[in-house]
Each structure stands twice: as structure tokens, then as C-alpha cells.
Amino acid sequence: MFRSSLPKKNESTRYQGNLYGAGIGYGYQWYLSPRWNLEATLGLGYVYFDYTAYSRQCNTCTKELYDNDKHYFGPTKLAVSLIYIIK
């Protein structure tokens, strides 16, 4: 299971930044009967997080706490679908 390495949600901290990603996916479909199919999909990819943390000490001012970036490579999508064909 994907476990985020970003900081946990904190009421006194605000995060602002960008997320970039790219990946590839593959899926396969199995015929079960004239109206039923089963499909499985897997996606692998790379994600880059670039963010800045700010303090929420007041509503009109913000203090920059730190800049950080994270890299992730691994599964980005996993799905199993049961398909009913309407004719």
C-alpha cells in the first residue's frame, strides 16, 4: 500500500506547492459470458512533490517554515472492474 511521506495534517501549518507525475498503465479484459467481462488494470509511475510549509499564526500573515521535495516511484493505479454489457 502507498504510504505518503508528506507531513501529517497539522492545524497550524499550511502547505503550498506543485505535484508532477508521469506513468504508464496496462490493462487486460477477460470474457466471462456474453454479457459479463472482468478487467484488471495496473499503473506504474513517477511522482515529484515540491512544496513549501507556512505557519498559520494569523489570517493576514504567514511565516515560511521550510521548503521540501519528495520523489516517489511505484504503483500509482490498481483496479479490478466487473463489466456488464448492455445490448
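**Figure 1. Accessible surface and overall make-up of the predicted model.** The protein exposes about 7200 Å², of which carbon and sulfur atoms supply 56%; accessible areas come from the Shrake-Rupley method with a 1.4 Å probe, and for residues only the protein chains shown count as cover. The model is predicted: local features need pLDDT of at least 70 and side-chain atom pairs count only at pLDDT 80 or more, whereas totals for chains, interfaces and linings use all residues. Residues are numbered from 1 along each chain as its sequence is written, and side-chain values use heavy atoms, with hydrogens and water left out. Of the 87 residues, 17% count as buried (buried, under 20% relative accessible area; exposed, over 50%; partly exposed, in between; 1.4 Å probe, protein chains only). The protein has three strands and zero helices, and its elements run β-β-β from the N terminus on (DSSP runs numbered from the N terminus: helices, H or I, at least four residues; strands, E, at least two). Among contacts between residues at least 6 apart in sequence, 62% join residues at least 24 apart (contact, heavy atoms within 4.5 Å).

**Figure 2. The hairpin of β1 and β2.** Strand β1 (residues 13-31) and strand β2 (residues 36-55) run antiparallel and are joined by 19 bridges (strands pair if DSSP finds at least two bridges between them). The two strands form a hairpin, with four residues between them. Tyr31 stands opposite Asn37 in β2.

**Figure 3. The pairing of β2 with β3.** Strand β3 (residues 63-84) runs antiparallel to β2, and 20 bridges join the two. Ala53 has Tyr66 in β3 standing opposite.

Figure 4. Thr41 counts as buried because its relative accessibility is 16%. Leaving aside neighbours within four places in sequence, Thr41 is in contact with Tyr26, Gly27, Lys77, Leu78 and Ala79. In a regular strand, side chains alternate between the two faces of the sheet.

**Figure 5. Arg56 in the loop between β2 and β3****.** With a relative accessibility of 47%, Arg56 counts as partly exposed. Arg56 touches Glu11, Ser12, Thr13 and Arg14 when residues up to four places away in sequence are not counted. One of these residues, Ser12, is 44 residues from Arg56 in sequence, yet the C-alpha to C-alpha distance between Arg56 and Ser12 is 5.0 Å.
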